[in-house]
Structures are given as C-alpha cells and as structure tokens.
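Student: I have a structure open and I am new to it. Please show me how to read its features, one at a time.

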Amino acid sequence: MKVYFGLILITLAVFASANSDHVITREKLESLKAVAKFDVIDYENHPFKGLTQEELVQKLGLMRDYNANLKPVVYGNPSNDLPKNFNYQQKWPECFHPIRDQKQCGSCWAFAASEVLSDRFCIATNGKTNVVLSPQDLVSCDTSDYGCNGGYVDKSWDYIRDTGIVSDECLPYTSGSGNRWTCPFKRSKTCKNGEFRKYKVDSHQQYSTISDAKETIFNEGPVEAAFEVYDDFMSYRGGVYRRTSNNLLGGHAVKAVGWGVDTDGTEYWVVANSWNTVWGEKGFFRIAFGECGFEDSLWAGKPQVNAIDRFLA
C-alpha cells in the first residue's frame, strides 16, 4: 500500500512540475496585462499556450560570441533626409515577401539572413531577381553554425558570402520539427524543383550606429537584427514592445524593415518575425530603440547581382 501511494505522489509531483513549466498561463497573462505597455495576446488566442519554456526556446536560436570584436553601437548623426516613419513595403512593395514560420527549430538566424538577402536581391535588381531564398540551405549545409541548435549572425553571412544559398523552391524548409537533415548538395548539385543556383553577397558588415542602419534600410533594404528575448515577448500582440520580464529565454534574429515614432515620442523599429502571422501584428512587431540589445548586431550584405546565373563550384 505504501508503494502504491508513493507512486501516486510521484506521479502527481511529475504532473505538477510539467504544468509549472508552462510559461503561458491565464494567471501570468493577466499579470502581464497589468504592467505591460504593449498589447498582450489573450489566452484563448495564444499560439504558444501549452508550451514549456524549453519548447519556447526552440523558437529562438541565436548564438552570441561575447568575445567577438563587435563595434559599440551608438545613435550616430541622424539624417534630415530620412522620413520620421518608414517601412520598406511602402518603397518596394514588389519586393515584400510573406512572413514565414521556423516552427520548433532554433533556426531564426537562418530565416533572418535568408529573408534579408531575398529582399535585397529584389531591391538591387529592381524586381528582376525576386526569389524567396532557402533558410534550409543554411540549416543543413552551413557547418560553422548548428542547425536547429542555433547559429551566429556573422558566421551565417560568411557562409552566404563564400558559398551562397539556393532558392526555397530548390531546397524547401523541412526542419520545423527540429531535425537539421543532411546537406543534399554533398551528393549532387540538384534541386527539389527548379535549377540549381547559389545567391551570394560580395561583402557583409555590422552597422555600428542606428543612423547607419536606418540609412541602409532606406537605400538598400532590410537588415538582420539580433536581440535578447524575455518570456513576456512571446505574448506580444501589438504596440511598441518594452521589456517587463526578467526571465531571459535566449537570443533571437529577425529582419528589421523600418522605423517610426510612437505617440509618446518613443522611437521604434518595425520588424518581421518568423513565427507565422498568428503572432504579433500579423507576424510583425515594433520594439523601442535600445530595448533588449536590439542594435548590438545589425547586419546585412551587398547582393552579388552579377554572379547569380549559375553556381560554379
């Protein structure tokens, strides 16, 4: 009998522990609504309810090298030629590509880089090269990074510069369940669909001032940004995000597409996420300047527009 009751107690303890791991609960959302300056998702409509903290972390994936020689980020000298509010969709609507979904794979770094490059190729060629590029190429083939276990901003751009990535049609995304898969191009340079081509950059760089990042977004297209995600961010529905939580989940990479000024004068970034359109402002979010280290790693590359016809090994 003692053994029987002991098993019951162990079972209840495991059940309670599993439920306590759930980050999204009605009670926590009500508490968040009381302090957050941004709009919070209702529990009934929350896309991540029922997920544990470990499962939420799988929706991130950015790795940071804190020993890297990155430039300190400052505001810089704002240009009077730039508008107060800007979104690249206004200037290049034909180069806007839909919000994507990395699912349960820590591949944000691959999505952010490939999406930035997709837009920049379209912009640099006046819409002639309008193709969605493959995050799966980075996840499966970039050996400097770690697939669904994460990746670095600078190393992913090194891979794009040195090796390039194919189109999403050639190598569709299949790692949403967390499996990296073997790089198919080790066997042969053939595609699932279409012709094998690699899209590269001539160079890439970090933007060390907010003003420089705004300039390049306005003139050349989106940039990749990397920031720290706290658990309250997972429940963002709209408005300008400002952190209220101290529960750090990890690093995340995204595509910054513009900026603006809130009614209270707060400057913010306009950003495309990779969590589908059911999250945030139809997949986008706005975050205040200086929040969660957002400007610490603003990155982009210049498309190699003269060498996209065919990949030469």
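**Reading the model**

Tutor: Start with a list: Cys 108, Phe 111, Ala 112, Glu 115, Ala 253, Val 254, Lys 255, Ala 272, Asn 273 and Ser 274 line the largest cavity. On a 1 Å grid over the protein atoms alone, a cavity is a set of points where a 1.4 Å probe fits but cannot get out, and lining residues have an atom within 4 Å of a point.

Tutor: Some ground rules. This is a predicted model, where local features need pLDDT of at least 70, side-chain atom pairs count only at pLDDT 80 or more, and totals for chains, interfaces and linings use all residues. Residues are numbered from 1 along each chain as its sequence is written, and side-chain values use heavy atoms, with hydrogens and water left out.

Student: How many cavities of 30 Å³ or more does the structure hold?

Tutor: Rolling a probe the size of a water molecule over the atoms shows where empty space is left. Here the structure holds one cavity of 30 Å³ or more. The volume of the largest cavity is about 30 Å³; a volume is the space filled by probe spheres set on the points, which are joined across faces, edges and corners.

Student: Which element gives the most to the lining of the largest cavity?

Tutor: Helix 5 does, with four residues. Helices (H or I, at least four residues) and strands (E, at least two) are DSSP runs, numbered from the N terminus. Strand 7 also supplies at least two lining residues.

Student: Is Ala 253 buried or exposed?

Tutor: Buried means under 20% relative accessible area, exposed over 50%, partly exposed in between (1.4 Å probe, protein chains only). Ala 253 has 1%, so it is buried. This residue belongs to strand 7 (residues 248-261). Ala 225 lies 28 residues away in sequence, yet 5.6 Å away in space, C-alpha to C-alpha.

Student: In which sense do strand 4 and strand 7 pair?

Tutor: Two strands pair if DSSP finds at least two bridges between them. Strand 4 and strand 7 are antiparallel, over eight bridges. Opposite Ala 253 stands Ala 226. Seven of the eight residues of strand 4 are buried.

Student: Which residues of helix 7 are buried?

Tutor: An α-helix has 3.6 residues a turn, so residues three or four places apart point the same way. In helix 7 (residues 153-162), the buried ones are Val 153, Ser 156, Trp 157, Tyr 159 and Ile 160. They share one side of helix 7 because they cover an arc of only 150° around the axis; the arc is that of the directions from the helix axis to the C-beta atoms. Their cover includes helix 5 (108-124) and strand 4 (223-230).

Student: Which residues touch the most other members of the largest nonpolar core?

Tutor: A nonpolar core is a set of buried Ala, Val, Leu, Ile, Met, Phe, Trp, Tyr and Cys residues joined through side-chain atoms within 4.5 Å. Among the 85 residues of the largest one, they are Trp 157, Phe 227, Trp 269, Phe 285 and Phe 294. Helix 5 gives the most to this core, with 10 residues.

Student: Where is phi positive in a residue other than glycine?

Tutor: Most residues other than glycine have a negative phi. Asn 276 has a positive phi near 75°. Lys 282 has one of about 55°. Asn 276 sits in the loop between strand 8 (267-272) and strand 9 (284-288), and Lys 282 is also found between strand 8 and strand 9. Asn 276 is partly exposed at 29%, and Lys 282 is exposed at 66%.

Notes. Contact = heavy atoms within 4.5 Å. 1 Å grid on protein atoms, 1.4 Å probe; cavity = no way out; pocket = protein on both sides within 12 Å on 5 of 7 lines; lining within 4 Å.
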